[in-house]
Every structure is written in C-alpha cells, then in structure tokens.
Amino acid sequence: MKKALFLGALLMVGATLAADGPLTPEQTLDRRAIGDLEFSPDGARLTFTVAEPIKGTSRARALWMLDVKSGVARPLTFSGKNDASPRWAPDGSEIAFTSDREEPTGLYLLPLRGGEAERITGKDERVDAFRWSPDGTRIAILMREAKSADLKARERDKDDGRAVDHDDRQPRIWIVERASKHVRQLTAGPWRLRQIEWLPDGKHLVGVATDHPASNQWTDRVYRIDADGGGFTEIAAPRGPIGAIVPSPDGSALAYVGARVDGPEPHDLYVQSLGGGKAVNLSESLDRPVNGPRWIDAQTLMVNVQRGFRTALATVSRSGRTEWLDGGSVNPGAFARSSTGTVAFVGESTASAPELYLQSPGAPPRAVTTLNAQWSSIPVARPEVVEYKGFDGVSIEAALLKPAGAGPFPFVVLVHGGPTGRWSDAFEPWGQLLAARGYAVLYPNVRGSTGYGQKFVEMNRADWGGGDYKDVMAGVDAMIARGVADAARLGIGGWSYGGYMAAWAVTQTTRFKAAVSGAPVIDMASEFGTEDNSAYDEWFYGTPYERLDGFTKSSPMTFVKNVRTPTLLLQGEADLTDPIGQSQQFYRGLKHYNVESSLVLYPREPHGLREEKHLLDRLNRVVAWFDKYLKTPAPGTGGR
C-alpha cells in the first residue's frame, strides 16, 4: 500500500441540523476545488484552476485569472473539459496549459491579446507535463513515444498480448519550438522521467528519472539533461523517494523534497549544489513534512508544512532559519508568491470551504473569491482537537465531532489512509454525515501519521496492527471515559490503510458492532505481489520472500476466523494500489464463518473513487450500515 486518499481530510464539534433535514451525500459533493496557482511575471495577475463538482463520470476544470490590484477573478476558459496546469510565458503574453478538450490531453497556447486557445501538440499521445524555457522560445514537454503502425494494427486485431516490464514507450522529453511549433524528441533509451524543470541558463534541464524503469525499488535520481543533445549527467542520488525539484533562480543549486532516511516518503527540504557535494537538509530541526517548495531568491525558499491537524506556510533560508507566515483561521494548501512579495494560497478548514486568499507583505490574508459561497449556510460539525495517551504513554492527537445534546452517543472511529497520511483540518464527508445524524466521530492521528515528526512516522515500521491499533483502542476508551462514546454502540471505518485498520480491528476484538472497510490490505504478502509499486510496503516489512512471518502476523486474513462484527467492504474494481483480491479474500472468509457482511464493487474505479453515482452510493451505504447496527443499543457492552 502507498500513501492513499481517504475521502479528503477533516472535521468538527456541535453538529446542527439544517432546517430541511441533516446534511446529505449530494451536498457533500457540491464543492469546487482550486489549484494550479501561478503569478504573471510582473505579479499583477494570477492564474489558477477551478474544478466544478463532479457530474457523471467527469469533472470540468477551467482556467481563471485574478487581477491582483482589484481582487476581481474571472474565468479564462469555458471548454467544459479538463483545462489544467496554466503556465505564463516569460514575457507574460500568453499562457500554456493542458486540456483534454480533444483526446488525448494536449498542450494549448492561449494569447492574452485575444483569440482562441490553439493546440500545438499532435494527437498521438498524451502530454503529461511541460515547462517554458527561460527565454520563452521553447517548451519542454513530457510525453510517450507514439505507438508504431505495427502495434496499432495488432491492437485493432486484438493481437495485443504484451510482456510485463518490456514497454519501451516510456515518458520522453520533447522540445517544442514556440515560433514554428515544430516538435522534436530529445531523449530516448531506457529512461523513465517523472519531472522536468529548466535551468536558468536555458541550455539544460533537470529531471527526476531512472534508467531502471522495471525495478520495484526506488531508483529515481536527479539528472542534468542537455537541451540540445539529450545527454544525462547525474546530480544527486537521494535514498528513498524524491518529491518536487526546483532550481534556484541563479542556477547554482537545486532544492528538492527527500526522505529523511531511506523512506517511506519525502519528508525534508534538501538543497543540492549543482557544482557537486552533499545535499544539505534545511528542515531537519523543523522535523515536519514539507511540500511544494518555491524559491523566493537564491537564498530562501517558501514551503507548505504539515503541523498536526494544521498546515502553515514558512520561509526556510539556506542557513536553516525558519520563519512562519500568519495564515489566519484557515489552512493554506497550494500557494504561489509573486515578484512583488504577495502570496496567494488556497485556504480552507472544516468550517470554511476552499477559497483563494491573497496576503500582501505585512498584512493578514484575505479571501478574494466566493467560489463555494453556498457552504456558508450549510451547517457542519466543528472539530474539537483532543489529546490522549497511547498504550505506552505516547501522546496521540485526535479530532472529535460531537452532536448536540448529552452523550453517550453511538460512536465511530475513522482511520486515515497511509499509514503515512494524516487527518487535517478540512471537510471530510463520512464523519460529517454521521455527526449530522447523532453520532460522535473520532479522527485519531495514530503513530505512523505524518505531521508529528519522522520518529513518529517510524513508530509503526513492521508493526501494522500493533501500536497503531492500540492507539485506536486507547482513543475509544478515552471517549468512553469522557461520556462521549456509548460502549455498546461502537463502530470503525476507513479507506486504504484506514480500511486495513477497520478489518484488523474486527479480527482482534468484538467490541465494535459495525465496521466499514474500504480498499483495504487484507493479506500483506499477496498484496505485495499484486500491487502497483511495492517499494513503500518493502520499506515497512522487507519482502515476503525473506520475511514472510512479519507479513503474516500483520495480516487481517490470518485472523479472519475471529471476526464477529458485521463488516461492509467497498472496493474499486480497477484498484492497482490495493487490488480487488484483497477485499475478495476477506469477504470469502467472512462468509465462511457466517459473519454478516457485504462486498460492494465499483466498476472502472481505481483506488480513489471518481464517478458521481459511485461516490454517492458509497456515502449512502456507509451511513446505512452504521445506522443498521449502531442506532439500536446492542445487548451488553461488548467483548474483549
């Protein structure tokens, strides 16, 4: 399993019912998302994207522009398709972006003097990413090589058998000449590229790439790539996974997000001199996960930092000094900084739906959009952040949603995805729907969660279902002791790692009277052999070929005979992260032992559900399952 989405993030206390009834699943989907922030070179304008609520099987995304001085925002594109990744030409005369208005997704140019957007790439392959050259005369794009005529013919004839790990059509770098629109292939050979950026000299790019694309280990390195000949020169070989890379404005160094040790996820901010030497960790003393680094000048970067349930923007100097920006009452997400020092960010909290904020130097942030204005009149439960002690005295932070009135209440604990994930202060629909119907809901950031330091992340290495499970149960007991949770009406749920924890819990205790397990890991050894990319799980447990006992002891499948709790399994049929066989195995075991259970499969869906009807179906089933087993007090107070 890799870090995975569980619906969104979080939370709140004191749920109030709307005049016409409680919050509905349909309402929870009616939210616009904001992203891809990019200032114009002169800082006077800002482009960003706005994704409309999902309809059917797709979600329209449009480009918008904000005039910084007036604070007026307006849409730039109206295709009804997925227009994304707007990037300004260096002279500010036009914007390049990707769109699927014609399949496959291509690269478009939108002149700001007026006129329609023009597609400048062909229709053989999808454009994955692109970057303007510093002088604006070229655009580097990431795109696969076109299928050969022979391959196309064989696919038409259904003669399409393929050998795994022998696909030579890896993402390549292509160079588009802006004036002529001529496209030429720059790289070939065994390289698989994930990210590219131009160096300020305009003669080279830097990229995250590997020449072992079939490997199941983390083999990505950072390379300098000649923009004319396509030659690769290694710059850095970080241990573990690599996050975003950004060259400094003077071209002397490269910043990237890397793993503190050898995994399991990028955590710290590093700067690597392009002249050689060892990378320097700028955020080791900060010891909180950083994201989205952007250079302010040649000596200072701005980053987004996870701090428990909150996030914050900070500047980090090359000497390691950190200064925090006041983000106000909302949590900043995607951000950009202009040449004039103004910061734009997407801000939200559980109580505040996403909006675009501007923050001028020395001033507090202010919202400049009302894209989700309808949420100001929709009651939501507000979070109470609580702390309790884990089984070994480790402090665990959690958020609590509590309905109006006196407890104890029917109670559900929800576990996030990951385990290197976290609950944060943002809207999360499962808990909001339950709180609006009289449930208390707990969101614990158990050991293994991010936002509490690298040591906290490593606490559940090779110990899934150990200390993390005990942290969950300590949270349940703390809420019973507070008079919040009804000990006879306890439920547990989650998605991905949260689905694993729900399944694990019901193999270890009969205290829960209902469980919802979405896209879980059930048999860790078979998961390792069938998932897409296994390096993440290998960091935690090694391989089942050499350490099978660890995989076995932490697998819910090993203990399925103990389950007595009614369990709902939810699974995307096209999930490659936690494949369908995981849920199928558990369901077959539950049936064998006559446990009340249901397995719901969602056709076409990957690890995170994307289609409107499926999203609504999932929410309705989650509420109905807990209502069925928790709304009526169960006899007794539960087992062990």
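Strands here are DSSP runs of E at least two residues long, numbered from the N terminus. With that in hand, let's walk through this model, which is a predicted one.

β16 (232–236), β18 (253–258) and β19 (268–273) each supply at least two residues of its lining. The space inside comes to about 280 Å³. In total 16 residues line this pocket, and those nearest its centre are Tyr-256, Ala-259, Tyr-270, Lys-278 and Ala-279.

Most of β19 is covered, with five of its six residues buried. If you want a spot to check in the viewer, take Leu-254, whose bridge partner in β19 is Gln-272. On the other hand, β19 pairs with strand β20 (residues 280–281), again in the antiparallel sense, this time over two bridges. Here Tyr-270 stands opposite Asn-281 of β20, and Tyr-270 is also among the residues nearest the centre of the pocket. The hairpin of β19 and β20 has six residues between the strands, and Gly-276 in that hairpin takes a positive phi near 115°.

Four strands form an open sheet in the order β5-β6-β7-β8, with antiparallel pairing. β5 (83–88) and β8 (118–119) are the edge strands, each having a single partner, so one side of each is left without a neighbour in the sheet. Strands of a sheet pair through backbone hydrogen bonds, either parallel or antiparallel. For β8, the partner is β7 (residues 106–111), and the antiparallel pairing runs over two bridges. Within that pairing, Tyr-108 has Arg-119 of β8 as its bridge partner.

How many cavities of 30 Å³ or more does the structure hold? There are two cavities of that size. The second largest cavity contains about 40 Å³ of space. Its lining draws on Arg-31, Thr-350, Ala-351, Ser-352, Ala-353, Trp-375, Ile-378, Val-380 and Phe-427. By class, that lining has six nonpolar residues, two polar ones and one charged one.

Phe-427 in that lining brings us to Asp-425, which sits in the loop between β31 (409–415) and α3 (429–435). Is Asp-425 buried or exposed? Its relative accessible area is 14%, and the cut-off for buried is under 20%, so Asp-425 counts as buried. The Asp-425 side chain also has a polar partner, making a contact of 3.2 Å with the side chain of Arg-310.

The last stop is helix α6, residues 497–508. From its first C-alpha to its last, this 12-residue helix reaches 16 Å, close to the 16 Å expected at 1.5 Å a residue. The helix is mostly covered, too: 11 of the 12 residues are buried. The buried ones include Tyr-497, Tyr-500, Met-501, Trp-504 and Val-506, along with Gly-498 and Gly-499. An α-helix has 3.6 residues a turn, so residues three or four places apart point the same way.

Key:
Residues are numbered from 1 along each chain as its sequence is written. This is a predicted model: local features need pLDDT of at least 70, side-chain atom pairs count only at pLDDT 80 or more; totals for chains, interfaces and linings use all residues. Side-chain values use heavy atoms; hydrogens and water are left out. The expected span of a helix is 1.5 Å times one less than its number of residues. Buried means under 20% relative accessible area, exposed over 50%, partly exposed in between (1.4 Å probe, protein chains only). A polar contact is a pair of N or O atoms within 3.5 Å; within protein, one must be able to donate a hydrogen and the other to accept it, and residues adjacent in sequence count only if both atoms are side-chain atoms. On a 1 Å grid over the protein atoms alone, a cavity is a set of points where a 1.4 Å probe fits but cannot get out, and a pocket is an open set with protein on both sides within 12 Å along at least five of seven lines; lining residues have an atom within 4 Å of a point. Grid points are joined across faces, edges and corners, and a volume is the space filled by probe spheres set on the points. Ala, Val, Leu, Ile, Met, Phe, Trp, Tyr, Cys and Pro count as nonpolar, Asp, Glu, Lys and Arg as charged, and the others, Gly among them, as polar. Two strands pair if DSSP finds at least two bridges between them.
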